[in-house]
2 protein chains.
Amino acid sequence: MNYEPALETYLAVWNERDAAKRLELLQSIVAPEVQLFDPLSHLHGAEMIAGFIGKIQQKIAFARLTYTTKIQKHDHGNWVRYGWGIWLVGQENPVSEGMDVVEFDDSGKVLQIVSFMGKLA
Amino acid sequence: MNYEPALETYLAVWNERDAAKRLELLQSIVAPEVQLFDPLSHLHGAEMIAGFIGKIQQKIAFARLTYTTKIQKHDHGNWVRYGWGIWLVGQENPVSEGMDVVEFDDSGKVLQIVSFMGKLA
């Protein structure tokens, strides 16, 4: 299974400022029971997650979120991991960096995203 | 909840060469439905997991497994992550390094371990 298109859409969700488009994009890639364990909150379902992302965009001078590593797929389970960074407007270095592990169901929909802040050391 | 004692026991499981003791240690910290997504295999239940670890110990000149980072707990979910390394007999550098994310149930038993090989880059 190729998870990269869904994860490219997840990136687009974080960078989409239109609330309706953001929710529509997110709903296209997640299972109904999707959960996000964000560093700041635990959220259930596409509506809560899309709303939460909108609040983050408004709360900080959010410029963009990007992936900062390759997407590594687990060889024996529907899991991937990748690094991410959040940039503020006009800043060269990310204000926040971390790593997500993401579980997909057998049909390729996102079941859960576990997001850790910072570097592991 | 303090997950560190369970994870210290999990480390002891990997380093225990007596099959019966290894299983007993593992059973003391996991839920019945525990799953290990190891880089090499997907395993269900304490018996399969303890047996798999024994096979790894026998297959390579296994000296020890240690954690190589702090254990980082997620602030909003029963998840932790940490780095690990496996050393062979007589070797200074690890033969294998990676990262686990571990989910606990609400009673503090291990539900699943998702183990990624290598450094994320």
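This is a predicted model: local features need pLDDT of at least 70, side-chain atom pairs count only at pLDDT 80 or more; totals for chains, interfaces and linings use all residues.
Local features were taken at pLDDT of at least 70 and side-chain atom pairs at pLDDT 80 or more, whereas totals for chains, interfaces and linings use all residues. Residues are numbered from 1 along each chain as its sequence is written, chains are lettered from A in the order in which they are written, and side-chain values use heavy atoms, without hydrogens and water.

Chain A is superposed on chain B by a rotation of 180° with 0.0 Å of shift along its axis, at an RMSD of 0.0 Å (least squares on the C-alpha atoms of residues with pLDDT of at least 70 in both copies). This is the relation of a two-fold axis. In chain A, the C-alpha nearest the axis belongs to A:Val101, at 4.1 Å.

The contact (heavy atoms within 4.5 Å) takes 30 residues from chain A and 30 residues from chain B. Because 100% of the interface residues of chain A are also interface residues in chain B, the copies meet through the same surface. About 2400 Å² is buried between the two chains, 64% of it on carbon and sulfur atoms; buried area is the accessible area (1.4 Å probe) lost on putting two parts together, summed over both. In chain A, the most area is lost by A:Arg81, A:Phe116 and A:Leu120, together 30% of what that side buries.

Between chain A and chain B the count of salt bridges is zero (a side-chain nitrogen of Lys or Arg within 4 Å of a carboxyl oxygen of Asp or Glu).
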